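Dear colleague,

Here is the structure I promised to pass on to you. Please look through it first, and then read my notes below.

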Amino acid sequence: MKPVYTTLPVELCRYALINRKSNHLLVFIYLKHITNGHISNDTSLYQEWAIDLRLNKRTINNCINWLIKNKWITVNGKKQSLKIIGYAKLFKKLKFQSLSAVRYEPDNFLDFTDFCCAAVIIYYIQKKRFIDKKRRSGSKMEDSNMNRNSYPKGYSELPISYLAKCLGVSNSTAKNYKKRAEKAGFITIKRQFYTLINNDGEKITRNNYYVHQYHNKKIAGRYRQGRKYLKIVAPDLIQIGFSTMRKHYKLKEKI
């Protein structure tokens with residue numbers, strides 16, 4: 001099979017993840033790839049599609065039915081064919097707002113859900129980076145409670161709680177998205193621990209562990225006892241494997 005290439009709206013990846021429709025989106029993209037937008041409504045083809053996508057025939061059938069029911073695919077009864085709608089119509093139908101998109105060009109379709117996880121993570125990393133940069137331009141204040149170094153080149157912070165809030169999912173679900181994207185090689189993660197310092201710039205010893213836990217209950221679970229000093233777990237640093245782009249999805253005018 002020829003390699004797929006499509007510019008996929010990031011919000012479509014987000015939609016597929018939070019609504020558990022990754023396979024449905026995968027089938028939709030696959031059909032767009034192997035056709036010019038029209039294909040025979042022939043259920044005997046389902047087995048071939050299932051082999052290509054490493055899914056079973058029943059899953060293909062369920063996905064097609066869902067795509068038809070939700071009008072991502074329309075049926076032409078006279079011609080006995082299916083029409084796969086374009087991204088522009090889907091963009092309008094689902095009331096998407098963001099113009100951010102990602103280029104999807106895999107060797108196979110095995111890691112599609114992982115790719116979607118990475119796409120939304122990278123989108124929110126870049127969005128947060130822009131917001132933080134804008135805020136820093138108006139303030140040069142630094143956190144005096146932590147001995148922070150500048151981030152390694154190419155890495156950015158993205159707290160799990162921030163990602164979960166943006167997606168409207170639980171922290172555990174957001175963490176799972178991050179694990180999948182990392183395992184598939186779409187992102188690289190570095191763990192962060194910082195040594196705490198007091199107002200005099202001195203490192204705080206590990207003997208103060210329980211005192212800090214007691215007075216800072218909201219972040220008590222982030223404290224760690226080092227060999228000599230008290231440390232705190234900070235959000236992971238993430239290096240992205242690809243970037244988003246801006247894409248305008250415009251409906252073609254009917255003549």
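R206 is partly exposed, with a relative accessible area of 31%, where buried means under 20%, exposed over 50% and partly exposed in between, using a 1.4 Å probe and protein chains only. The model is a predicted one, in which local features need pLDDT of at least 70 and side-chain atom pairs count only at pLDDT 80 or more, while totals for chains, interfaces and linings use all residues. Residues are numbered from 1 along each chain as its sequence is written, and side-chain values use heavy atoms, with hydrogens and water left out.

R206 sits in the loop that runs between strand 7 (187-195) and helix 9 (209-215); helices (H or I, at least four residues) and strands (E, at least two) are DSSP runs, numbered from the N terminus. Leaving aside residues up to four places away in sequence, R206 touches Q225, G226, R227, K228, Y229 and L230, a contact being heavy atoms within 4.5 Å. The C-alpha atoms of R206 and K231 are 8.0 Å apart, although 25 residues separate the two along the chain.

Elsewhere, three strands form an open sheet in the order 2-4-3, with antiparallel pairing, where two strands pair if DSSP finds at least two bridges between them. Strand 2 (38-40) and strand 3 (73-76) each have a single partner strand and stand at the edges, so one side of each has no neighbour in the sheet. Strand 3 pairs with strand 4 (residues 81-84) in the antiparallel sense over four bridges, and T74 stands opposite K83 in strand 4.

For the protein chain as a whole, there are nine helices and 10 strands, and 41% of its 255 residues count as buried.

Best wishes
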